[in-house]
Amino acid sequence: MTAGPASTEAAIAARRRQAEHKTAAVEKAIGQLRRERGRLTVRAIADRAGVSATFCYENPAARTLIKAAVADSRSRHDSLGQAEHDRIEGSWRERALNTEAELTRSQKEILTQRQRIGELMGHIRDFDQMVPGESVQALTTENTTLKRRVQQLAGEHRSLQERLEGARSNLRFAERRIADLEAQLLGQQETSGGQIE
């Protein structure tokens, strides 16, 4: 038994009304999320409107509303995100430069101390053969003190090396984040006439 033309038209009209009702719910959900400063994504809008994400993608009116809302939200988020990113990147770059300068200074200091220890060890060997025990004891004490200083500087060097690695890692992360944001921005510009991501 086939449905008559009247029942088919009634079903089409019912689907149209249902689609219009859902589209109105999507528009209302977008307005609510904007007022609440919520994140505008297809999933968030669909959940708030009580519709499926499939409806949001397949219904042209809903898709147009969401696309416009998401594009507007992204442009606002991108400008705020870029300003924050620039501030953070400048801070990490400054820290990395400071750490590298401190590391270079520490390496020079360690090299100087090692050379001094080498010279003093040579003096100790020389004095060992021609001076009484008290002078040797004084040189041994000074040598021990210098060795401790070298150990301390080596510890500082390790700490600065770790800080430098941390700063470099953060800088690499920030650069990757910039590249991702630029890729997203380019993707949005290229697909501005296509489907919502």
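Analyst: A residue is called buried when its relative accessible area is under 20%, exposed when the area is over 50%, and partly exposed in between (1.4 Å probe, protein chains only). The model is predicted, so local features need pLDDT of at least 70 and side-chain atom pairs count only at pLDDT 80 or more, whereas totals for chains, interfaces and linings use all residues. Residues are numbered from 1 along each chain as its sequence is written, and side-chain values use heavy atoms, with hydrogens and water left out.

User: Why is Arg-168 called partly exposed?

Analyst: Arg-168 has a relative accessible area of 32%. This value falls between the limits of 20% and 50%, so the residue is partly exposed.

User: What makes Arg-168 and Glu-100 a salt bridge?

Analyst: The term requires a side-chain nitrogen of Lys or Arg within 4 Å of a carboxyl oxygen of Asp or Glu. The closest N and O atoms of Arg-168 and Glu-100 are 3.2 Å apart, so the pair meets the limit. Arg-168 lies in helix 5 (residues 133-190) and Glu-100 in helix 4 (residues 60-130), so the bridge ties together parts that are 68 residues apart in sequence. Helices here are DSSP runs (H or I, at least four residues), numbered from the N terminus. Glu-100, at 31% relative accessibility, is also partly exposed.

User: How many salt bridges does a search of the whole structure find?

Analyst: The search finds five salt bridges.

User: What makes up the largest nonpolar core?

Analyst: A nonpolar core is a set of buried Ala, Val, Leu, Ile, Met, Phe, Trp, Tyr and Cys residues joined through side-chain atoms within 4.5 Å. The largest has 17 residues, and Val-26, Ile-30 and Cys-56 are among those with the most contacts inside it. The elements giving two or more residues to this core are helix 1 (5-35), helix 2 (42-49), helix 3 (53-58) and helix 4.
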